[in-house]
Amino acid sequence: MYSAYMGEEVIAYEPQARARKSGSFVKPHALITFKSQDDVGYVEHVYDLWRRAPDRRAVRIVAVKGQTMMINRPSYLYVARAVSSSENESVAASETVSRAGSELSHSSTVRTAEKNMTLLFLNLPEEVCDTLWQRPAAKQTIEAYVRKVLEGAPVETEAFKVAASFSVPRRAPRNGCWVTFSYAAQGLKVNADDGKPYTFDGFQKLYDGKKDGKTIAQMYERSMDAAKDIERRLGQGGRPTSVTSWFMRRVRDMAVTPPLGADDHQLTKVWTKCQLKQNFLYVQFARAS
């Protein structure tokens with residue numbers, strides 16, 4: 001169940017031992033990438049507990065048909081070779097580059113990367129921050145709270161992506177956790193006829209046989225960028241608003257009272273209804289890079 005949350009991907013699989021040129025054998029293994037460094041740290045932490053446990057049966061780790069699976073970090077060169085040696089990876093990469101070139105040639109540049117799309121949640125319990133095995137549940141709690149607040153936005157919640165992390169874009173401050181927002185339709189254009197976002201390829205297929213290629217390209221070029229359209233709708237007739245700015249205003253409007261024991265510095269913060277153990281969290285804009 002947890003592996004699905006980590007978003008892992010198998011990029012190499014060697015189920016049988018095979019001989020190298022040197023005569024030695026490569027042990028059966030699978031090379032897996034994870035969604036974040038936090039997830040890697042969690043898995044390593046569980047295995048470390050298993051190694052040090054008086055009764056290893058009390059700590060659950062991965063086993064296949066009764067055989068315990070061990071872990072280690074592969075070298076960068078091995079990972080690079082594994083990716084480049086996959087024919088499917090190479091084909092997919094070339095197709096992605098080709099599509100990206102097509103998209104960029106027919107879309108305006110959206111400068112969302114220059115905006116601060118990351119917020120910082122603070123006042124997390126020290127025990128949560130200091131123990132790797134508690135971090136995944138903490139991230140899930142924070143993400144669930146953020147999505148709950150976004151349900152009040154004048155834009156469908158599927159338009160937003162939310163990712164909590166203790167290590168991305170960099171190591172979080174003490175008792176803190178980053179939350180980075182993004183737009184699901186980033187880089188797409190909104191078709192004026194149906195109001196839906198499309199890639200250039202999708203736009204071409206939509207009007208294939210109905211309009212000539214030059215007209216389709218011109219229509220796509222003039223269409224509104226999907227990210228700008230989302231921010232226009234978040235502004236509700238006023239100035240376009242980023243999702244982070246909308247979220248902060250929404251939380252302020254909830255007017256959550258600071259908890260008892262908050263110091264003078266914390267009293268001025270934007271408190272939330274998000275709670276981890278006994279602690280309520282507050283949120284603020286923070287430069288993430």
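Helices, here and below, are DSSP runs of H or I with at least four residues, numbered from the N terminus. In the predicted model examined here, helix α9 is followed by Gln 236, whose phi is positive, near 50°.

Helix α9 comprises residues 226-235, and seven of its 10 residues are buried, so that the helix is largely enclosed by the rest of the structure. The buried positions are Ala 226, Ala 227, Asp 229, Ile 230, Glu 231, Leu 234 and Gly 235. Their cover includes the strands β8 (160-165), β9 (176-183), β10 (189-190), β11 (197-198) and β12 (224-225), together with helix α10 (243-254). At the start of α9, a side-chain oxygen of Asp 225 comes to within 2.9 Å of the backbone nitrogen of Ala 227.

Strands β8 and β9, which are among the elements that cover the buried residues of α9, also belong to an open sheet of five strands, in which the order is β8-β9-β7-β14-β13 and the pairing is antiparallel. The edges of this sheet are formed by β8 and by β13 (270-276), each of which has a single partner strand, so one side of each is left without a neighbour in the sheet. On average, and with direction ignored, neighbouring strands of the sheet are turned by 30° against each other. In the loop between β8 and β9 lies Pro 169, and the peptide bond that leads from Val 168 to Pro 169 is cis, with omega near 15°.

The loop between β13 and β14 contains Lys 277, a residue that has a positive phi of about 55° although it is not a glycine. With a relative accessibility of 44%, Lys 277 counts as partly exposed, because this class covers the values between the buried limit of 20% and the exposed limit of 50%.

Within strand β13 itself, Thr 272 is buried, its relative accessible area being 0%. A polar atom of the Thr 272 side chain lies 3.1 Å from the backbone nitrogen of Cys 274, and a polar atom of this side chain also lies 2.8 Å from the backbone oxygen of Leu 281. When residues up to four places away in sequence are not counted, Thr 272 touches Phe 121, Tyr 145, Val 251, Val 256, Phe 280, Leu 281, Tyr 282 and Val 283.

Ala 255 lies in the loop between α10 and α11 (264-267) and, at 57% relative accessibility, counts as exposed, whereas Thr 272 is buried.

For the protein as a whole, 11 helices and 14 strands are assigned. Of its 289 residues, 36% count as buried, and the protein exposes about 18200 Å², of which carbon and sulfur atoms supply 52%. Among the contacts with a separation of 6 or more, 61% are accounted for by residues 24 or more positions apart.

Definitions and conventions
Residues are numbered from 1 along each chain as its sequence is written. This is a predicted model: local features need pLDDT of at least 70, side-chain atom pairs count only at pLDDT 80 or more; totals for chains, interfaces and linings use all residues. Side-chain values use heavy atoms; hydrogens and water are left out. Buried means under 20% relative accessible area, exposed over 50%, partly exposed in between (1.4 Å probe, protein chains only). Helices (H or I, at least four residues) and strands (E, at least two) are DSSP runs, numbered from the N terminus. Contact means heavy atoms within 4.5 Å. A polar contact is a pair of N or O atoms within 3.5 Å; within protein, one must be able to donate a hydrogen and the other to accept it, and residues adjacent in sequence count only if both atoms are side-chain atoms. Two strands pair if DSSP finds at least two bridges between them. Axes are lines fitted to C-alpha atoms, for helices over the stretch in contact, and angles run from 0 to 180 degrees between N-to-C directions. Accessible areas come from the Shrake-Rupley method with a 1.4 Å probe; for residues, only the protein chains shown count as cover.
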